[in-house]
Amino acid sequence: MPALWTLPDFDAHEGVHFFTDPASGLRAVIALHSTHLGPAAGGTRFWHYADDAQAVTDALRLSRGMSFKNAMAGLPMGGGKGVILAGADRAKSPELLAAFGRAVDSLGGRYVTAEDVGMGEADLVAIGRETRHVSGLPVGEGAAGGDPGPSTATGVFLGVKAAIKRALSRDSADGVHVAIQGVGSVGGGLARLLAGEGARLTIADMDAGRAARLAEELGAAVTGPSAILDVEADIFSPCALGAVLTEASIPALRVKAVAGAANNQLATPVDGDRLHARGILYAPDYVINAGGIINVSLEYLGQGDRDEVEARIRQIPGRLESIWEESAATGETAAAVADRMAMKLIGRG
Ligand code: NAI
């Protein structure tokens, strides 16, 4: 592997920490991109990587994304990300989680972890036995915190409605056709909120049973995981994987706007230009999907309750509006405008 600081995704990260615990089999990376605004916050991903370099790349990219996300959400938090390199069997033992908890603790509060792909609330509880620098733990009724998925879904719903307003000049999702890729925690929640407002839905999921059950519940149409990108609709909402907006997929899109939860939706920065050139409105991913981190950060900071979380989530549409306004005024892509705003906030502008 080349030296860390020559990797394309290295962006003057403040620290990249490697942890090994032979007894439990833990191998993990914690990347701290920036602590300019506060402790570096971002979930931990538990994933089986084809090679170790991919895990490092993921940690570098995702931690930078968290710096941008937290800054744009107005949180007093920097950006970081944990990655646990799962074995091929994806086994996750209590010992491994405890060792990861000690790893987080050793950073003395410079990193605060939470859920990400492959890590649920129970895993965070196990980590929380070793460190207090953890969020996304179960909380009581009305308190901030807990599973970030529903909060993310609420923010994405409000963001989709902002996109509907801007791209279609309509004040409600009633009768608007939204194509959703991935109907798990966030995409499923989004689908229910949209259906509740009368939207017409087409959904797709790798888990065909999950898609079929939700379609039955909501009266949605179902299509295949790749066909969803070509569905003629008003809005495309990527809520599964990153890097779905590519040189190949963008020309085939038949929508007026892209607004969804997935992290790193643009495969490359040039794909932001491609969307812009096609006149497709884009909601920068880390702005629209900040609901979950708002929820768990307020839990960690002990600042405010569920009402405060909701109030902050309601600011997401306004942030998108100001990005789109500036994009319209300057001709820059929405993605470029958002990046510039975020860089300034973390003292790198
Ligand atoms: P999840 O794991 O609950 O759901 C993802 C769903 O996508 C699953 O049902 C899976 O079967 C499906 N899927 C995977 N690949 C697919 C494909 N190629 N085509 C169609 N469906 C596919 O994950 P969750 O929590 O709903 O997150 C969704 C996305 O939103 C992820 O990219 C995640 O990083 C991002 N995100 C999630 C947040 C949260 O609070 N959960 C916060 C911010 C971003």
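**Exercise 1. The ligand and its polar contacts**

Solution. The model is a predicted one, in which local features need pLDDT of at least 70 and side-chain atom pairs count only at pLDDT 80 or more, while totals for chains, interfaces and linings use all residues. Residues are numbered from 1 along each chain as its sequence is written, and side-chain values use heavy atoms, with hydrogens and water left out.

Step 1. A polar contact is a pair of N or O atoms within 3.5 Å; within protein, one must be able to donate a hydrogen and the other to accept it, and residues adjacent in sequence count only if both atoms are side-chain atoms.

Step 2. For oxygen atoms of the ligand, a polar side-chain atom of Arg210 lies 2.5 Å from one, and a polar backbone atom of Ala261 is 3.4 Å from one.

Step 3. The ligand taken alone exposes 830 Å², of which the protein buries 76%, with accessible areas from the Shrake-Rupley method and a 1.4 Å probe; for residues, only the protein chains shown count as cover.

**Exercise 2. The shell around the ligand**

Describe the residues around the ligand by class and by helix.

Solution. Step 1. A residue is near a molecule if one of its heavy atoms lies within 4 Å of it; there are 22 residues around the ligand, and Thr152, Val186, Asp205, Arg210 and Ala240 come nearest.

Step 1. The shell has ten nonpolar, eight polar and four charged residues, where Ala, Val, Leu, Ile, Met, Phe, Trp, Tyr, Cys and Pro count as nonpolar, Asp, Glu, Lys and Arg as charged, and the others, Gly among them, as polar.

Step 2. Helices α4 (149-168) and α5 (185-196) each supply at least two residues of this shell; helices (H or I, at least four residues) and strands (E, at least two) are DSSP runs, numbered from the N terminus.

**Exercise 3. The segment before β1**

Solution. Step 1. Ala12 lies in the segment before β1, and His13 is found in the segment before β1 (15-21).

Step 1. Phi of Ala12 is near 50 degrees, which is a positive value in a residue other than glycine.

Step 2. Buried means under 20% relative accessible area, exposed over 50%, and partly exposed in between (1.4 Å probe, protein chains only). Ala12 counts as partly exposed because its relative accessibility is 47%, whereas His13 counts as buried because its value is 7%.

Step 3. A polar atom of the His13 side chain lies 2.9 Å from the backbone oxygen of Leu60.

**Exercise 4. Loop and helix positions**

Solution. Step 1. Arg90 sits in the loop between β5 (78-85) and α2 (94-106); its phi is near 55 degrees, a positive value in a residue other than glycine, and Arg90 is partly exposed because its relative accessible area is 47%.

Step 1. Thr131 belongs to the loop between α3 (121-127) and α4 and is buried because its relative accessible area is 5%. Thr131 and Gly101, 30 residues apart in sequence, are 5.7 Å apart in space, C-alpha to C-alpha.

Step 2. Tyr300, in helix α9 (residues 291-301), is partly exposed because its relative accessible area is 22%.

Step 3. Asp58 lies in helix α1 (residues 52-72) and counts as buried because its relative accessibility is 18%.
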